[in-house]
Amino acid sequence: QQQEEEKSNDNTSVAAAEVNNDDNVCWIHIGDDLANDVGGSYNSGAMPIWVDLNDEDYTVTTIEERKKLQPTWSTASQEELDKRAKLNQESKAYISATVHTLM
């Protein structure tokens, strides 16, 4: 399994390098997760756009509110939660644009 993950990471790196070497290509990733979508796409060479929907317009919770809530079914340790909070904070520096509404 580790070899498969390494191969996948190598393919992502190659794809990102090819995109970054072509001035005619713009790779955009849109997602609602700071660490995975914003940080991950930035580190892969994409331009990240963060979707942080306003609660007034939608029934979903915002990322900021979700960070405060721990689902009863979660098995994440406090160490994992702290690491995730740090990754979320660091990823904010990579946001190219933010979407607050789909209307």
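Modeller: A residue is called buried when its relative accessible area is under 20%, exposed when over 50%, and partly exposed in between, using a 1.4 Å probe and protein chains only. The model is predicted, so local features need pLDDT of at least 70 and side-chain atom pairs count only at pLDDT 80 or more, while totals for chains, interfaces and linings use all residues. Residues are numbered from 1 along each chain as its sequence is written, and side-chain values use heavy atoms, with hydrogens and water left out.

Biologist: What percentage of the 103 residues in the protein chain is buried?

Modeller: The count covers the protein chain with its 103 residues. By the cut-off of under 20% relative accessible area, the buried share is 22%.

Biologist: In what order do the elements of the protein chain run?

Modeller: Helices (DSSP H or I, at least four residues) and strands (E, at least two) are numbered from the N terminus. The chain has 4 helices and 3 strands. From the N terminus on, their order is α-β-α-β-α-α-β.

Biologist: Why is α2 described as oblique to α4?

Modeller: Axes are lines fitted to C-alpha atoms, for helices over the stretch in contact, and angles run from 0 to 180 degrees between N-to-C directions. Helix α2 (residues 34–43) and helix α4 (residues 78–91) pack at about 45°, with axes 9 Å apart. Angles under 35 degrees count as roughly parallel, over 145 as roughly antiparallel, 65 to 115 as roughly perpendicular and the rest as oblique. The angle of α2 to α4 therefore makes the pair oblique.

Biologist: Which residues of α4 make the contact with α2?

Modeller: Contact means heavy atoms within 4.5 Å. From α2, the contact is made by Leu34, Ala35, Asn36, Val38 and Gly39. Those of α4 are Arg84, Leu87, Asn88 and Ser91.
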